[in-house]
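Subject: Structure handover, pocket and ligand

Hello,

Please read them alongside the model.

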Amino acid sequence: MLTHPLTDTAEMRALEPAYAAQFAAFIEQHRAHLAPWLPWATALIDEPQTRAWLQRYADDAARDAGRIYGIWLDGELVGGTLFRTFDVRFSTAEIGVWLAPHAQGQGLITRAATRMIAWAVEERGINRVEWRTVPGNAPSIACAKRLGMTLDGVLREAFPHQGVHHDVRVYSLLAAEWRDRSHR
Ligand SMILES: CC(C)(COP(=O)(O)OP(=O)(O)OC[C@H]1O[C@@H](n2cnc3c(N)ncnc32)[C@H](O)[C@@H]1OP(=O)(O)O)[C@@H](O)C(=O)NCCC(=O)NCCS
């Protein structure tokens, strides 16, 4: 996949290290919106750090162990998605997502995540796609539900972030549920 259209004006592409400057500028601009939920939005404060972080995902992709994508709307990098984990041996993968405030509310993440699930399940044989979020993140929970995911349970205080040990809700979609959903 070099680029995949999401709408007439939006597309997703692999977020390769070559996009480090664009991604660093994106994080800088939207840090306050992203940081309450995503540790990397606080940690990545310049282009070299951002490039190194993207390089880790490029290395993961080469090992078939993770992937990261950007979402461009009218040519502007406005968000992204990732396979935080991608484990062929255990047939599981976890999706993570983010968007600039002005790109929310258009279904871009739902479309991008649907494309990722289709690829993971149909082309790569992944059986279980996970989505993890804190209980207070209503837009993220709404995405998981919109994707047809089921709440597996709560990992109590599993996510230390900004001085608080947050609970983590684990949602998942199984391959059989995905196939059933696609044929509805
Ligand atoms: C989580 C986050 C990515 C969700 O963004 P989002 O815009 O709500 O999600 P989507 O792009 O899927 O859009 C869904 C919205 O578009 C609307 N929409 C419009 N057309 C749509 C379509 N064709 N398909 C699906 N939804 C559509 C939906 O109704 C929904 O709007 P609503 O929330 O007002 O009901 C965003 O809030 C974010 O970046 N938050 C900060 C970072 C973060 O929390 N990341 C997740 C950590 S777990």
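A polar contact here is a pair of N or O atoms within 3.5 Å; within protein, one must be able to donate a hydrogen and the other to accept it, and residues adjacent in sequence count only if both atoms are side-chain atoms. The model is predicted, so local features need pLDDT of at least 70 and side-chain atom pairs pLDDT 80 or more, while totals for chains, interfaces and linings use all residues. Residues are numbered from 1 along each chain as its sequence is written, and side-chain values use heavy atoms, without hydrogens and water.

Ligand contacts

- A backbone N or O atom of Gly107 lies 3.0 Å from a ligand oxygen atom.
- For the side chain of Thr110, the distance from an N or O atom to a ligand oxygen is 2.5 Å.
- For the side chain of Arg146, the corresponding distance is 3.4 Å.

On its own the ligand has 940 Å² of accessible area, and the protein covers 71% of that (Shrake-Rupley method, 1.4 Å probe).

There are 21 residues around the ligand (a heavy atom within 4 Å); Leu99, Gln104, Gly105, Thr110 and Asn137 come nearest. By class, this shell has nine nonpolar, nine polar and three charged residues (Asp, Glu, Lys and Arg are charged; Ala, Val, Leu, Ile, Met, Phe, Trp, Tyr, Cys and Pro nonpolar; the others, including Gly, polar).

Pocket

The ligand sits in the largest pocket (more than half of its atoms within 2 Å of the grid points). A pocket is an open set of points on a 1 Å grid over the protein atoms alone, where a 1.4 Å probe fits, with protein on both sides within 12 Å along at least five of seven lines; lining residues have an atom within 4 Å of a point. The lining has 36 residues, with Trp37, Leu38, Val97, Asn137 and Ser140 nearest the centre.

Regards
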